[in-house]
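Let's take a look at how charged side chains pair up in a protein chain. Have the sequence and the 3D view handy as you read.

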Amino acid sequence: MSSSDTIKKAVANEYTVTADVTLYARWTHTLALDANGGTATGTTSLTVKQADPILTLPTASDAGLTRSGYTFVCWNTETDGSGQSYCAGESKYVRASFWGTKRLYAMWVQGTGDTMKVATAKNIESVLKNINNGDTFVYADAFPSASNTSFNLPTLFKTYLSDESKLITLNLEYASFWMPQNRVSSTGIESNESQADRLKNYFNGCKSIRTLIININSMSEYMFSNCTSLTNVSLGKEVAGNYGSIYKGVFLGCTALTSVSFSDTTGWYTTSDASTTIDVSNASINATNLKSSDGSWASEVLRKKSS
């Protein structure tokens, strides 16, 4: 552009160019918000600015989200929750990879009322303080490393989830276990760590957990060890961006464990014999193999073959 030209900006200000200059387009991105089985009477789309990539997704109240018999949890890039989850009501930095996303879907868990406790990193302690017997506790945010001293979730869990008189369902379907290098989240910025170590012993000794619902991520060593009230585990689908791995000792010492069910039972193997698939179709046998020191998988890493 020559130095004699006058530039008119969209805001109607005029600038006279006195030297050669290169102008760069700045784009906006329309993001649709899908109620995904519910109804929405409020915000149904957002405009994301490339020059200001901070995104605040609406809460259930902002979007007017309702669904009979269900509680809203978060937003996800996939309708079945297998994509990347995003918390509602919190400002997040939008990574470059997000620009291909055209739609986010509301995520729901079955159940309503005071027994449903949904938390993000921002409000988790206040929610945990009010946990009661029979509640379902849903955590739908990133897990900081166990070594993160500025935001130490294992300490909070051990403080508030160790009372055997308050037996709960722990729902981690929409939690993010693996944080890519320098990912920005509400728990801060972290670098990569070993998958086996990152969440090691995270819930160790949390005796309030009776039922666990969790998607297949990389479950770190001894992650739920010694949760002696834990009876039932439901392992859901593999989440995008995570390996389907269960490291050694995840349920070691969970003496009451009677059932570990896999939603996808195909393609599992132990790293000691990667050429042979193992049978994980029997929930009772799975529990026996995972909970005791002499169980056949106690010192193994279970991994799912890429589909």
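Here's a quick tour of some salt bridges in this model.

Keep in mind that the model is predicted. Side chains of opposite charge can pair when their charged atoms come close. Counting these pairs here gives four salt bridges, and the points below walk through some of them, including the one between K117 and D135.

**K117 and D135**
- K117 pairs up with D135 in a salt bridge, with the closest N and O atoms 2.5 Å apart.
- K117 sits in strand 12, while D135 sits in the loop between helix 2 and strand 13, so this pair ties together parts that are 18 residues apart in sequence.
- Both K117 and D135 are buried.

**K200 and E221**
- K200 makes a salt bridge with E221, and their closest N and O atoms are 3.6 Å apart.
- K200 is in the loop between helix 4 and strand 17, and E221 is in the loop between strand 18 and strand 19, so the pair ties together parts 21 residues apart in sequence.
- K200 is partly exposed, at a relative accessible area of 31%, whereas E221 is buried, at 14%.

**D264 and K304**
- D264 and K304 meet through their side chains in a salt bridge, at 3.2 Å from N to O.
- This pair links distant parts of the chain, 40 residues apart: D264 is in the loop between strand 21 and strand 22, and K304 is in strand 24.
- D264 is partly exposed, with a relative accessible area of 33%, but K304 is buried, with 13%.

Technical notes. Residues numbered from 1 in each chain as written. Predicted model: local features only at pLDDT ≥ 70, side-chain atom pairs only at ≥ 80, totals over all residues. Heavy atoms only, no water. Helix = DSSP H or I, 4+ residues; strand = E, 2+ residues; numbered from the N terminus. Buried < 20%, exposed > 50% of the residue type's maximum accessible area, 1.4 Å probe, protein only.
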